[in-house]
Amino acid sequence: MINNSIPTNIITHKLLLDNTQYQSKPTDIGAINNRIVNHPKDIDIIEFSNQITTPNGKSWIPAYLEGARKNDAWKSQSVFALDFDNKNSKTKSQVASPLSFEQVLERLKDYRLDCAFAYTTFSHADNWQKYRVVFQINEPVVDKGVRDAIQNALMMIFPECDKGCKDASRIFFGGKDIIYTNYDYYLDLRLLFQAADFYAIKDSSSKNMKRDLTTARKNMGVRKIEANTITPIFNNIEKTVNASKIKIIDNVDWDKLRKQVKILDDFMNPDIKLLDPQLFGLASNLIYLSGGQDLYKKCLRANPDYNYKEKIQKLHYCKTSDYLPMRLEHFSPYQEDWCFLDLLNTTQKKKIVRLKQFQGMTVEKARQLLIDTLKTVIATQDTYIHIFKVATGLGKTSACMNLSNVLFALPTHDLKNDVSLLMQQKQIHHSCTPSDDMLPQHVKDKISFLYTIGANAEATNYLKEMSEIYPEVNDYRLQNFSCYRSQETVLTTHQKALFIDWGHDTIIFDEDIFQVLLPIEFIDLTDLLRLESKINNSNDKAKVTALINDIREGKANTPRTMDLIFEDLESIRDEVLNCSAFKSPILHFFNALYFQAEDAKSGDITKIRFISNYTDRLPQDKKIIIMSATADETIYSCLFGDRVKFYDISNVDTTGFIAQDTTYSLSHSSLNERLNYMTERLKENGQQTITFKSYGEYFMSKGVDIVEDIYFYNCTGRDKLKGKNINVVGTPHRHPIELALYAKVLNLPVVTDDFDIKNFHQQTVEHNGFRFWFNTYNNLHLRNLQFHFIESELIQAVGRARVNTELCTVNLYSNFPLKNACVTDEEKELGLQSFVLRKNSSPPDFVNEDDLYIPTDITDTDYCYENNGSFEYDSLPCDLIDATELDYSYM
């Protein structure tokens, strides 16, 4: 029974270990008593077991005592022990029914417990077994009452042990041989006290059980456990659930239930014996299912390995204590069972289980944290990439508008123009790069074509040519040049911010730029074939032909480096520029980092996706600030390493109400199968709806109020739905090839097989404080990348209503749970009650996000902010950290 595997989870324990070796039972006990307190020792469990057995045989005390060997000198303890000498305390002879170590181990295992090691005493003999069993816990206890409760619980489970073990200053002698080891095992105190409860009442009648349990707990020194109450974990709702209010579930289909829950199937199999904690977990559930108690009794009787009289006590215990149904994760060893909360919920579809209550800061606190942190970042002289992950609706854009001498970049011209208009209304001086709306239509069309095929340089040259013909084109160029040379605050787009050399020392990006730095585009295979037919250089033509053949033969179905080097690239560019038939960015394709074609097995190949890397366009000598609700620390750290400073202000209590329906996946294909169902649901509430662009027209034709210009992948920054009740429908998955390309650039440990159907399937996962059933990858890196993109789109879509700061409701239809949404029926009921109370009370005393103010003349010693119309000054925080205590990382 010696475990020869290498321990992986070893800690050190502080205890008293004598420095004298013995080969037989010591007789100089007084000497040991006097010197052992002078020998405290920090030692791991392996070395400790060797020091107290042959050839060392040292005496020891499990606790750390200070100054004297007495109970009052006890300071801490993380090792416990039981002594079994199988001796009648009165006659000093061997007991009639000695307890072997094998029986001790069997009893421990039955309660799902174990020990760290066991060793024989110096007086052990084959015909008279004497041994000690040693336990460890993973953190020392410093409360004497807790120490006593642990020791008493162990002794309650093993009344056969030496009663002197109870003493906190007890000396244990060394011994002969180690007879068992499991050095990696640490006592699970929850299971320990549970086992002590059960052992204490194993012979109790149902009438006297509560009394006997109370007595046993008093003897253990354990504070009375309130078994009939529990605090549920969900969004910002505190409520005590009483067992008496749980409704008994009728008409249970036991055959169906055992197919769904493996631990129940094992129990109903008379050839399988369950452990005590598993029986207890089942009993706590079965008392709430009609016929469950009869089933429990029937299964006990059918299995000859169970002691019916002892095991039936678990059912009586649960009934007597009004014990709530235990979660399957707490007693079932099968992870596939854990996607269900308990047996009561298993009769329904696989449900989402919230494992961790969402805890957000108030909007007021979050806004102040945003202001304070931004002021500090602006005031410091550095060239870091400062990433603010900021909840939607906190006013990150408004917080930046009054900054001077910065380049402020927004995702689109429309958003840039909206911010410019707001700044004009507030009389904040700034410049703004012009929109191409001022260009003649045919010039716009030509520029659009050039950008489409990836001819960026040619687009610039074309504008220069047209500026000599059209005054409005010349004005467009002059306005741009004026902004490029300006030192004052300039508003522009993400693209221009990256691809123009600016004079500003600070560049602020409003919204995430990850997909601008690493854009994924695609070309049509027809464009590649068209180019092949037009190339005159034989060597260049052969290269393109070989590439096309590789794609058709499936040799480019994993991310492949773009390594084509053409002899006559200029001729190829000319062919593309002079042929309007090209519809995809083929010139960008030849400058890509990696590309991947669709799987030829799936049918005709039409698309070849490719990824470019523009991370080098982020200036090294400037301060970069990125503000987004969805920026990911791990991704940016992969790209920029230690240059990244991350500030998480994303966990915010919602002022509004998010009700999430996870009944269906509603991925693009799933929604297609449930269009009629969703149409009826959406027409019932009549709210404006955000969904996939491709389904917008269908829903509108059925009378659903679709937001035409806001849809998945086009939600960022839009403010027109602020304070309105909306629907968000769908789970927006990214194409697997896009995930593969991102994984390649981010250098994640991913192989081709990770995308195989056997490694992408429905499974139980844990993410963001939830356990849920989802179609995803076995590879955790791919899974987390997949989840990041899904979550980002849902957050942006839900955030259009500004639900964090506005008294509005969002109905979210997706099987990917958001941490600040109410997901279960109980959460929705209580969350709605809380929302109604907020709505009927005085409006929250928020600083309006449009009034957030950062001064233009920040120094490194003072900064100010607007508060109730006046300006207050605080000293610069010296202890600012890179992220709040609400840590977030998708890996």
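This is a predicted model: local features need pLDDT of at least 70, side-chain atom pairs count only at pLDDT 80 or more; totals for chains, interfaces and linings use all residues.
**Entry 1. Helix H15**

I checked the length of H15 next. The helix covers residues 413–425, which is 13 residues. At 1.5 Å a residue it should span 18 Å, and its end C-alpha atoms are 18 Å apart, so the two agree.

Then I asked which residues of H15 are buried. They are Leu-415, Lys-416, Val-419, Ser-420 and Met-423. These residues cover an arc of only 140° around the axis, so they lie on the same side of H15. I looked at the face turned away from that buried side and found the exposed residues Asp-414, Asp-418 and Gln-425.

What do the buried residues of H15 pack against? I found one helix, H14 (396–400), among the partners. The strands there are S13 (406–410), S14 (431–432) and S15 (490–493).

**Entry 2. The sheet**

I moved to an open sheet of 5 strands. Its order is S4-S5-S7-S6-S8, and the pairing is antiparallel. Strand S4 (63–65) and strand S8 (175–181) are the edges, each pairing on one side only. From one strand to the next, the twist averages 35°.

S4 and S5 are antiparallel, with 3 bridges. In this pair I see Ala-63 opposite Gln-77 of S5. S5 and S7 are antiparallel as well, over 7 bridges. There Phe-80 stands opposite Phe-135 in S7.

Is S5 mostly covered or mostly open? It is mostly covered, with 10 of its 11 residues buried.

The next pair I looked up was S6 with S7. S6 takes in residues 117–121 and S7 residues 131–141; the two run antiparallel and 4 bridges join them. Thr-120 sits opposite Tyr-131 of S7.

Which strands does helix H3 touch? H3 (residues 101–110) packs on the sheet and touches S5 (74–84), S6, S7 and S8. I get about 35° between the directions of H3 and S7. Helix H4 (residues 144–157) also packs on the sheet, touching S5 and S7. The direction of H4 makes about 10° with that of S5.

**Entry 3. Cysteines**

How many disulfides does the structure hold? I count 0. A disulfide is a covalent bond between the sulfur atoms of two cysteines.

I followed up on Cys-483. Its closest cysteine sulfur is that of Cys-432, 6.9 Å away, which is too far for a bond. The cut-off for a disulfide is sulfur atoms within 2.5 Å. Cys-483 has a relative accessible area of 4%, so it is buried.

I also looked up Cys-115. It has 0% relative accessibility and therefore counts as buried. The cut-off for buried is under 20%.

**Entry 4. A hairpin**

Last, I checked strands S26 (residues 760–767) and S27 (residues 770–777). They pair in the antiparallel sense over 8 bridges. Phe-760 stands opposite Tyr-777 of S27.

How many residues lie between S26 and S27? There are 2, and the two strands form a hairpin. I noted Asn-768 in the turn, with a positive phi of about 55°.

Terms used. Residues are numbered from 1 along each chain as its sequence is written. Side-chain values use heavy atoms; hydrogens and water are left out. Two strands pair if DSSP finds at least two bridges between them. Axes are lines fitted to C-alpha atoms, for helices over the stretch in contact, and angles run from 0 to 180 degrees between N-to-C directions. Contact means heavy atoms within 4.5 Å. The expected span of a helix is 1.5 Å times one less than its number of residues. Buried means under 20% relative accessible area, exposed over 50%, partly exposed in between (1.4 Å probe, protein chains only). The arc is that of the directions from the helix axis to the C-beta atoms.
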